[in-house]
Amino acid sequence: MKAQKATLTGARILWECLEREGVKHVFGYPGGAILPAYDALKHSSIHHILVRHEQGATHMADGYARATGDVGVAIATSGPGATNMVTGIATAMMDSSPIVCITGQVGSKLLGSDAFQETDITGVTLPITKHNYLVTRSEDLAPAIREAFYVAKSGRPGPVLIDITKDAQQGTCEFDWEAATPRLRGYRPDLSPAKESYERALELIHEAKRPVILAGHGILVSGAEHEVQAFAERTSIPVALTLLGLGTLQASHFLNLGMMGMHGEAWVNTTIQQADLLLAFGMRFDDRVTGNLKNYAPNAKKIHVDIDPAEINKNVKVDVALVGDLRKILHELLPRVEMRDRREWLESIHGLKGDTAVRDIQNLPDNGHLYAAHVINDLWHETREHESIIVTDVGQHQMWEAQYYKHERPRSLITSGGLGTMGFALPAAIGAKVACPSSDVWVVVGDGGFQMTMCELATIVQENLKVNIAIINNGYLGMVRQWQEFFYEKNYEATPLLSPDFTKLADAFGIRSALVRKRSDVVPTLRDSRTHDGPMLIDFQVEQEDTVYPMVAAGAALHEMIRRPNPLVETAEDE
Amino acid sequence: MLHTLVVYVENKPGVLSRVVSLFRRRAFNIDSLTVGRTEKPDVSRMTIVVDADDDQARRIVANVYKLINVLLVDDITGEPAILRDLAFIKVGATHQARSHVLELASVFRARVLDVAPESLTIEITGTEDKIDGLLEVLRPFGLLEVVRTGQVAMRRGAKPSTMTAKANGTGPVDDDTVSYSV
């Protein structure tokens, strides 16, 4: 048992507090202003993972947080170390991911003097953190860290940054954990809705003939997966999911419609447009899921359940807002909702699916071309029996993954939704693997995004992590090319992408690799990777100008989708 | 339309910049902002006037609440309240004009703070309209320099904002200083 009070340096206090917050791993990169903290690491049981770029550290912390729901921690030095974290912090902010970023800062006497490697990182990150701290005295460190963890993970989670001056790390003070208990009188994340709101919500639910649940990331954050399923089953209301909501309800569940939005299946978006009631559970009506707001679900009443009051009526005017923790709110609603026979509504939705099946590229016979959809579909078949976490980057492959990988478990998909950060996947997968060593972790990444953070391959090797990397390589910045194809008269400006030989690159890192061009090679190679005792990289060289269908163009209504031409016709053109 | 918000914040470094940064980043237009101490040494109070419709105003209140250091937000628009702005006006007033200026100042119940051979400096407290009115009649004499504090506001009656503030329509605030950050 450690003594309650001891005189310690700020640096020692930092690690001591992290340990007491339950931190086992931190992702970081040392430098001058954070050196006192690194020097004190020898006294700590925390495992430090050396990254290759501080952006990677933040994505790893983010991946760690998304895989577990626990707070991920990244650490860096002042100036460039801190500014390199900005993209990762903004990514975590947009997707409400709880991370704590610790940065060194120049000595407090030098603040504001443009000292070497000085950046006002609390100023820089003000709009992209949930909260941040500049700590200039060692006695302020413990309260700041405790508050930071509390703020990061409570309410609507988000990133918190703690900037610690060098002298605050070096100075000593009495360390008192108990006295550092967070006392944030300006922070009360435990709102609950008024009674009348519940009554009104129940009325709308009972009146509705064509209701749809919109399931978002908030379900994961709240831990309300079972409640949402129970609610859907009891009321027979079908469930459409956002990208970050995938996995909250099993893909195979008979009420699960699949992903909505810009690249959602046609029947899902059409269902939403036809609905007379939308129940938004922990989602925020992002422009990627609503399409044009003017004619979004025009006949639907809306009930919005969210923990963040600032989300209510932000994009879509709602009829009832239930502000608070989704799980608690569903516990209130569940015993009071009445069962309804909604066979007619469910059957009419089912009727919409036939048209999509005809256009599904899955139904295309093997014509010698390798389509990303096939790779993803095979990946799903090969990994579904095992506890697998798929971490995707941003772009076409991300949408194909969302369409063709059927997620059955919560937290089995980790992806950058709100910010759409290319380069996210590889480092986030490292974080996920560190958090869940017994899960199979698969990176699904484009050739563009991979090259943004591929330096982290070295981190994988140094940490001896078994991460499987599937590069969906089409030689283009594919999603941008797709937009150029549709909206810029096929002017493929700056989207053809030259890549190194990824297999040789993997060799240079000492990572096993394979190149796949044929559909018949996909499954054996995936198996090889999964069973190989170590990381493996597979370069899937897929059809270059394939397109993600269906697509709701920016500014179009949700039901106005660009559909995949009938694939049989496409094959004829090919030959 | 203009909305007037009374905001209680923790008196800590950087809090003003957090509030201002929020307005900038969410593209809300600040008409005026004042900040000063309150009856409690650890609490500062802001009066923020924003140009927003009712829906926007509700979103602004909700977003301001999200700042960890914000204790309370009270939208007093349309409520019985006292609103005051203070201005110093340096007006060109040579020997002949001086009595006219003094006359106008007394009509507006403004006070003379400084007299110089070529100018008068006047202090006026009042609603923004009243100050605008005085500026208008003084303009022909030559406005040499004007400074205004921006609006401060307080509810009328016995109840302070701490007892009447509502967080985004979710109900009254019970204890003295609480917040609805998430």
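Author: Three bridges connect S9(A) with strand S10 (residues 239-241) of chain A, and the two run parallel. Strands are DSSP runs (E, at least two residues; helices are H or I, at least four), numbered from the N terminus, and two strands pair if DSSP finds at least two bridges between them. This is a predicted model, in which local features need pLDDT of at least 70, side-chain atom pairs count only at pLDDT 80 or more, and totals for chains, interfaces and linings use all residues. Residues are numbered from 1 along each chain as its sequence is written, with chains lettered from A and ligands numbered from 1 in the order in which they are written.

Reader: Which residue of S10(A) is the bridge partner of Ala215(A)?

Author: That partner is Leu241(A). In S12(A), the partner of Ala215(A) is Phe281(A). Five bridges link S9(A) to S12(A), residues 277-281, and these strands also run parallel.

Reader: How many residues of S9(A) are buried?

Author: Five of its five residues, 211-215, are buried, meaning that 20 or more other C-beta atoms, placed from the backbone, lie within 10 Å of a residue's own; 12 or fewer is exposed, and in between is partly exposed. Pro211(A), Ile213(A) and Ala215(A) cover one side, Val212(A) and Leu214(A) the other.

Reader: Changing topic, where is His559(A) found?

Author: His559(A) lies in the loop between strands S21 (551-552) and S22 (561-562) of chain A. It counts as partly exposed because it has 17 C-beta neighbours inside 10 Å.
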